Amino acid sequence: MERGKVVVERVGGKSKVTRCFCKYPLKFIVPNKVGAAAAADAVWIYTITYGGGIVSGDSIAFDVTVGDGCTAVFTTQSSTKVYKSLGSKSSQQTLEASVGQDALLVVIPDPVTCFSTAKYSQIQNFKLASGSSLLLVDWITSGRHESGEKWAFSHFKTTNRILLDDNEPVFLDTMLLEQESNSSIADRLQDYQAIAMIVLWGPKLKPIQNQIQEDVKKLMSRQFRMPTIGSGFADSKLPKPSFLASCTTFGPQGTGVVIRIASTTTESVYKFLQHQLASMEAFLGASPYS
């Protein structure tokens with residue numbers, strides 16, 4: 001299978017796309033400028049698929065190389081739609097990324113939206129050099145609400161791996177959502193309509209890591225604050241939170257932070273991402289999810 005390829009290198013002291021190749025059904029769009037801050041040293045690459053989504057049986061694979069000192073952003077124009085599965089056919093996508101020294105790779109797609117009966121899996125591998133940084137957002141919605149679909153797909157699996165330049169693994173995460181004979185995905189996730197994971201690694205993202213950990217701690221402490229005696233709610237059950245988030249550090253000296261989110265609305269996840277990642281505009285020339 002022929003793979004897509006994007007290479008970002010320093011040319012004239014700026015990050016530039018020096019190689020860009022894709023093959024149906026994948027397409028890359030590289031705009032000359034994103035946002036108002038033209039001076040920001042970052043290239044933006046939009047990944048899209050012909051037909052507006054991933055069709056049953058599609059197999060997409062591409063490689064990304066971000067050279068030393070470069071900044072690259074991979075994003076989408078809208079949610080990644082995965083269409084209905086035809087028979088036993090499934091669809092898959094694989095990303096292999098290499099990030100050079102003092103470089104920054106930002107992967108900030110819109111969520112995956114799987115149609116009824118869809119079968120989809122994706123693997124994203126990131127190899128990081130010394131001093132490099134990575135921001136990764138990986139998320140999925142329950143489906144097409146306007147069509148009455150709620151976690152109606154058959155199979156969704158996403159795997160993310162981070163390795164250092166000596167091939168030392170520092171992060172491995174897999175999420176599997178699959179219909180079971182004794183319980184559906186909808187039964188297990190109940191009212192939650194979006195599941196997200198955010199991974200931040202490296203020196204350029206340290207201020208955001210610190211702030212997001214503080215913000216999540218405050219947010220969850222308010223969500224789970226016990227009612228005081230005499231408030232009238234002492235004998236009542238706490239309401240189910242509409243937004244859940246947790247933070248965990250990983251890697252040597254807690255170099256990385258992973259945030260996990262479950263929300264009853266997709267919009268609240270967008271708002272969380274907009275707020276928490278707003279300071280990235282200085283690096284990227286535009287604020288993620290703005």
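**Contacts, rings and a pocket**

Modeller: Leaving aside neighbours within four places in sequence, Arg260 is in contact with Asp173, Ala196, Met197, Leu244, Ala245 and Ser246. Bear in mind that this is a predicted model.

Biologist: Which strand is Arg260 found in?

Modeller: Arg260 is found in strand β17.

Biologist: Is Arg260 buried, partly exposed or exposed?

Modeller: Arg260 is partly exposed, because its relative accessible area is 36% and that class runs between 20% and 50%.

Biologist: How far apart are Arg260 and Lys204?

Modeller: They are 56 residues apart in sequence. In space, the distance is 21 Å, C-alpha to C-alpha.

Biologist: What about Gln253? Buried or exposed?

Modeller: Gln253 also lies in the loop between β16 and β17. Gln253 is exposed, with a relative accessible area of 78%. Its phi is near 55°, a positive value in a residue other than glycine.

Biologist: Now peptide bonds. Which one is cis?

Modeller: The bond from Tyr24 to Pro25 is cis, with omega near 10°. Pro25 sits in the loop between β2 (14-21) and β3. As background, most peptide bonds are trans.

Biologist: What about Leu26? Where does it lie?

Modeller: Leu26 lies in strand β3, which covers residues 26-29. Leu26 is buried, because its relative accessible area is 4% and buried means under 20%.

Biologist: What does Leu26 touch?

Modeller: Residues up to four places away in sequence are not counted here. Leu26 touches Thr47, Ile48, Tyr50, Ile60 and Phe62. Leu26 and Ile48 are 22 residues apart along the chain, and their C-alpha atoms are separated by 6.1 Å.

Biologist: Let's change topic. How many aromatic pairs are there?

Modeller: The count comes to 15 aromatic pairs. Take Trp139 and Tyr289: their ring centres are 6.1 Å apart and their planes are at 85°, so the pair is edge-to-face.

Biologist: Why does that angle make it edge-to-face?

Modeller: The angle is 85°, and planes over 60 degrees apart count as edge-to-face.

Biologist: Where in the chain are the two partners?

Modeller: This pair links distant parts of the chain, 150 residues apart. Trp139 is in strand β12, and Tyr289 is in the segment after α4 (281-284).

Biologist: Are those two buried or exposed?

Modeller: Trp139 is buried, with a relative accessible area of 2%. Tyr289 counts as buried too, at 11% relative accessibility.

Biologist: Which residues form an aromatic cluster?

Modeller: Tyr120, Trp151, Phe153 and Phe156 form one aromatic cluster.

Biologist: And what lies over the face of Phe115?

Modeller: Arg144 does, at 3.9 Å from the ring centre.

Biologist: Quick one on Gly148. Where is it found?

Modeller: Gly148 is found in the loop between β12 and β13 (155-164). Gly148 is exposed, with a relative accessible area of 66%. Gly148 and Gly131 are 17 residues apart in sequence and 46 Å apart in space, C-alpha to C-alpha.

Biologist: Last topic: pockets. What is the volume of the largest pocket?

Modeller: The volume of the largest pocket is about 480 Å³. Its lining has 30 residues, and Thr47, Thr76, Thr80, Gln93 and Pro109 lie nearest the centre.

Biologist: Which elements give two or more residues to the lining?

Modeller: They include β4 (43-49), β5 (59-66), β8 (91-99) and β12 (133-141).

Biologist: How do the lining residues divide?

Modeller: The lining has 14 nonpolar, 13 polar and 3 charged residues.

Conventions. Residues numbered from 1 in each chain as written. Predicted model: local features only at pLDDT ≥ 70, side-chain atom pairs only at ≥ 80, totals over all residues. Heavy atoms only, no water. 1 Å grid on protein atoms, 1.4 Å probe; cavity = no way out; pocket = protein on both sides within 12 Å on 5 of 7 lines; lining within 4 Å. Points joined across faces, edges and corners; volume = space filled by probe spheres on them. Helix = DSSP H or I, 4+ residues; strand = E, 2+ residues; numbered from the N terminus. Nonpolar A, V, L, I, M, F, W, Y, C, P; charged D, E, K, R; others polar. Phe/Tyr/Trp six-rings, centres within 6.5 Å; stacked < 30°, edge-to-face > 60°. Buried < 20%, exposed > 50% of the residue type's maximum accessible area, 1.4 Å probe, protein only. Lys NZ or Arg CZ within 6 Å of the ring centre and 35° of its normal. Contact = heavy atoms within 4.5 Å.
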